[in-house]
Amino acid sequence: MTEKAKRNYTLKVWRQKDAHDAGRMAEYRAEGISPDASFLEMLDIVNEQLVRKGEDPIAFDSDCREGICGMCSCVIDGRAHGPGAATATCQLHMRAFEDGATIVVEPFRARAFPPVKDLVVDRSAFDRIIASGGFVSVNVGSAPDGNTHLVPHPVAEKAMDAAACIGCGACVAACPNASAMLFVAAKISQLSLLPQGQPERAARALNMLKRMEDEDFGNCSNHGECEAVCPKEIKLSNIARTNREFIRASVCSDE
Amino acid sequence: MGWLFRTLNSSIGKKVQMALSGLLLCGFLVTHLAGNLFLYGGREMFNHYAKALEENPLLPAAEIGLLLLFLLHIATALRVTYGNKRARPVAYAKTACAGGKTIGSATMVFSGLLLLAFLIVHVKTFRFAPDRSDLYAMVMAAFQNKLYAGFYVAAMAALGLHLSHGFWSGFQTLGADHPKYTPWIKRLGLAFAAAVAFGFASIPIWASLR
Ligand code: HEM
Ligand code: SF4
Ligand code: FES
């Protein structure tokens, strides 16, 4: 196999020591980068150079590096998870950027995602939303018979599509209002569509949406930027469903 | 009553109020435009229509209802917009459109505020005009002022922009969404926005060119 021509880039990266630091953009050179390197591997290479020079490496989040954990983040050239449809930052490759390009890398920005360091923000607001209702209460023990709960196939598909959300927060980062509606809608939809989710259906919708507001996320204006950047292609129709769930829970339930 | 207060002050609750008031205002636009088009029928026809409208005993109630719809829409829109600005205290250095937002959706508060300014001037010139004996003549005279006619046309462009997103958005907010008909609501919204904007704007253009 022939070696592909290496590429050089200029990076403009947000550097911020801690939550109290004002932060600023810093410029770095990324040189001799293989087009087959992933974006995060490119950052690793830059960081190795920084460490060798005795400088503080750029802090960024990642874990699985295969698009399933939701840990990686970053707004790259103004787009959450960078260019490319249905991919997380860890699935982005340097071949997506022309040789010599200047790449702007920023953290997810939202009042509800306070900065930790550089590109790392605190997304635990999502955990608190889940804890407020993103679960079903069932007795564990012997496995129930497979046909106890009948789920029509199209409904199962919708629930599975919603369940694909990895909780990365790109929807919040991309939303002009820093709204978390797509995330919350995915979680509410996933459970409200299935029989197991029925007993807590109304309380779940009200509690999760209340928690979302208390965490200082914005409101949904139906722009659809969230859907466009979502690495799991969560659909806006989940937000419409959540609006229905909220209206139903507010007007027709005992909650 | 706690539940009602909670619902109306919630994020989706505010959006629902904005959507309902906005869509009802769209209904008002249809009746208002239909009435205005009588201008094309000449002085007698328009003044006859205006007289019938003013003699309708339900008109004051309808006007108060309309005012309340506007106030509700504007109040919730401003509350929602304030919350949205507050939710992102630090702006991005670089932003790109990922393919969701449109010029219409990104400018809702600006097109809305221009409409508000227009509404104040509009109600003052026409609804509270000093001499209301010949409304046809009054409208025609007002549009002889090119600046006023231009402002009217600009406001109708803003209305078209507002509704290019608002119409569909209202349905989405109310949860009326399904692959069976959502593409049609989007198309209908664009057609409605264009029809209303051109319909209203045609009158000052026609009147000032006559
Ligand atoms: C004839 C007048 C108007 C009509 C027919 C109208 C209609 C609508 C509709 C249907 C929506 C969509 C609601 C939704 O997204 O659920 C909307 C949104 C909005 N309207 Fe209006 N509107 C009018 C005047 C105004 C005025 C005077 C303002 C002044 C501030 C305004 C500000 C807004 C804003 C800011 C939004 C979007 C907020 C968001 O979703 O983030 N509108 N309008
Ligand atoms: S909805 Fe999509 S963008 Fe939002 S948290 Fe889930 S996977 Fe990430
Ligand atoms: S690191 Fe796990 S999804 Fe990107």
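Here are legends for a few close-ups of this predicted model.

**View 1. Two histidines of chain B hold the iron of ligand 1.** H73(B) and H162(B) each coordinate the iron atom through NE2, at 2.0 Å. H73(B) sits in helix α4 (residues 59-86) and H162(B) in helix α8 (residues 146-173), so the pair ties together parts of chain B that are 89 residues apart in sequence.

**View 2. A nonpolar patch on the surface of chain B.** I64(B), L67(B), L68(B) and L71(B) make up this one, with about 410 Å² of accessible area together. L71(B) belongs to helix α4 of chain B.

**View 3. D56(A) pairs with K117(A) in a salt bridge.** The N to O distance here is 2.8 Å. D56(A) comes from the loop between α1 (39-52) and β3 (75-76), while K117(A) is in strand β6 (residues 115-117), 61 residues away in chain A. D56(A) is partly exposed at 42%, and K117(A) is partly exposed too, at 25%.

**View 4. R43(B) meets D134(B) in a salt bridge.** Their closest N and O atoms are 2.3 Å apart. R43(B) is partly exposed at 43%, as is D134(B) at 22%.

**View 5. E200(A) and R204(A) form a buried salt bridge pair.** The closest N and O atoms are 3.8 Å apart, and both residues are buried.

Terms used. Residues numbered from 1 in each chain as written. Chains lettered and ligands numbered in written order. Predicted model: local features only at pLDDT ≥ 70, side-chain atom pairs only at ≥ 80, totals over all residues. Heavy atoms only, no water. Donors = N, O, S within 2.8 Å, 3.2 Å for Na, K, Ca; no water. Helix = DSSP H or I, 4+ residues; strand = E, 2+ residues; numbered from the N terminus. Patch = residues over 30% accessible without salt bridge, like charges linked within 9 Å, V, L, I, M, F, W, Y side chains within 5 Å. Areas by Shrake-Rupley, 256 points an atom, 1.4 Å probe, with all protein chains shown as cover. Salt bridge = Lys/Arg side-chain N within 4 Å of Asp/Glu carboxyl O. Buried < 20%, exposed > 50% of the residue type's maximum accessible area, 1.4 Å probe, protein only.
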